[in-house]
Amino acid sequence: MNKWDQIFANNPQYKPLNEIFLAELLAKIKKDINSNPKKMVDLGCGTAKTVFQFSKLSFEVIGLDNSIVALKKLQEEIDNSQTKNISLINVDLNNYNLAIEADIFLCNFVYAFIDNKEFFLKKVAECLHDNSVFILITPVIHKGIIYTEEDKTKIAVDFEETLKLLKNIFSSIDVYHHDYISSREDYVTFLIKK
Ligand SMILES: C[S@@+](CC[C@H](N)C(=O)[O-])C[C@H]1O[C@@H](n2cnc3c(N)ncnc32)[C@H](O)[C@@H]1O
């Protein structure tokens with residue numbers, strides 16, 4: 001059992017993607033990047049509802065995660081719902097040669113846990129085609145802000161360092177700040193193109 005298997009054995013409830021946010025995001029992607037996205041890869045899917053949210057929108061969905069416990073629970077839900085267009089693969093994104101073609105790659109609340117970030121991002125970059133997009137959603141901390149002890153318990157990555165690394169690897173990055181813990185723009189969605 002890895003660390004995440006132990007966490008998922010206790011049935012944690014992570015928030016699904018906000019439906020309004022998702023609808024706005026997809027509308028933007030359809031307008032600016034790909035008018036008809038069909039295939040989505042959920043990088044670090046866990047047991048989240050995200051795969052179902054996309055499946056209901058007629059996407060072919062692939063969920064990747066390195067927790068066998070999470071994938072087993074999610075597979076049970078998929079089987080019970082008789083959803084046909086979702087497949088799951090057990091991989092470690094720290095060393096997995098992604099090599100999957102898709103229109104949307106989503107990584108929600110996972111990036112901070114990946115040790116080999118540069119490798120991971122380069123593998124995603126290799127998969128992107130001209131009309132595909134990488135949606136990276138992550139809690140961030142900003143330099144110069146003093147965080148409370150409670151804030152520090154939330155897993156986050158340094159915003160400036162993350163943006164710098166992304167700019168080294170990808171050509172186009174839009175940044176959307178959200179307020180999550182407080183009103184300090186501590187959650188970010190990066191909308192990234194090849
Ligand atoms: C906080 S959960 C988020 C799950 C889901 N994306 C969501 O929005 O609820 C973090 C997920 O990242 C996965 N994860 C962490 N490190 C990973 C790695 N190296 N490779 C694949 N998955 C990983 C964990 O197993 C877990 O499912």
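The structure is a predicted model, in which local features need pLDDT of at least 70 and side-chain atom pairs count only at pLDDT 80 or more, whereas totals for chains, interfaces and linings use all residues. Residues are numbered from 1 along each chain as its sequence is written. Q82 lies in the loop between α4 (68–81) and β3 (86–90), and has a positive phi of about 55° although it is not a glycine. A positive phi, near 50°, is also found at N11, again a residue other than glycine. N11 belongs to the loop that links α1 (3–9) and α2 (19–32), and counts as exposed because it has 9 C-beta neighbours inside 10 Å.

The protein chain contains seven helices and eight strands, defined as DSSP runs numbered from the N terminus (helices: H or I, at least four residues; strands: E, at least two). The C-alpha trace spans about 50 × 40 × 35 Å along its principal axes. For 194 residues a compact globule would have a radius of gyration near 16 Å, and the value of 16 Å for the protein chain agrees with this; the radius is taken over C-alpha atoms, and the globule rule is 2.2 Å times the number of residues to the power 0.38. Of the 194 residues in the protein chain, 29% are buried. Contacts were assigned to residues whose C-beta atoms, placed from the backbone, lie within 7 Å. Among contacts between residues at least 6 apart in sequence, 63% join residues at least 24 apart.

Strand β4 (residues 104–108) is mostly covered, with five of its five residues buried. The side chains of I104, L106 and N108 point one way from β4, and those of F105 and C107 point the other way. Pairing between strands required at least two bridges found by DSSP. Strand β1 (residues 39–43) runs parallel to β4 and is joined to it by three bridges, with M40 having I104 as its bridge partner in β4. β4 also pairs with strand β5 (residues 133–141) in the parallel sense, over five bridges, and here I104 stands opposite V133. From β4 the chain crosses through helix α5 (residues 117–127) to β5 in a right-handed β-α-β crossover; right-handed denotes that, with the strands pointing away from the viewer, the path from the first strand over the helix to the second runs clockwise.

The loop between β4 and α5 contains V110. This residue is buried, because 22 other C-beta atoms lie within 10 Å. Leaving aside neighbours within four places in sequence, V110 is in contact with L43 and G44. V110 and L43 are 67 residues apart in sequence, while their C-alpha atoms are 7.7 Å apart in space.

Strand β5 is likewise described as mostly covered, seven of its nine residues being buried. Two bridges join β5 to strand β6 (residues 157–158) in a parallel arrangement, in which D158 is the bridge partner of I141. β5 runs antiparallel to β8, and six bridges connect these strands. L191 of β8 is the bridge partner of I135, and T138 stands opposite V188. Strand β7 (residues 172–178) pairs with β8 in the antiparallel sense over seven bridges, with H177 opposite V188.

The side chains of β8 (residues 187–193) alternate between two faces.

Note on methods. Buried ≥ 20, exposed ≤ 12 C-beta atoms within 10 Å, placed from the backbone. Contact = placed C-beta atoms within 7 Å.
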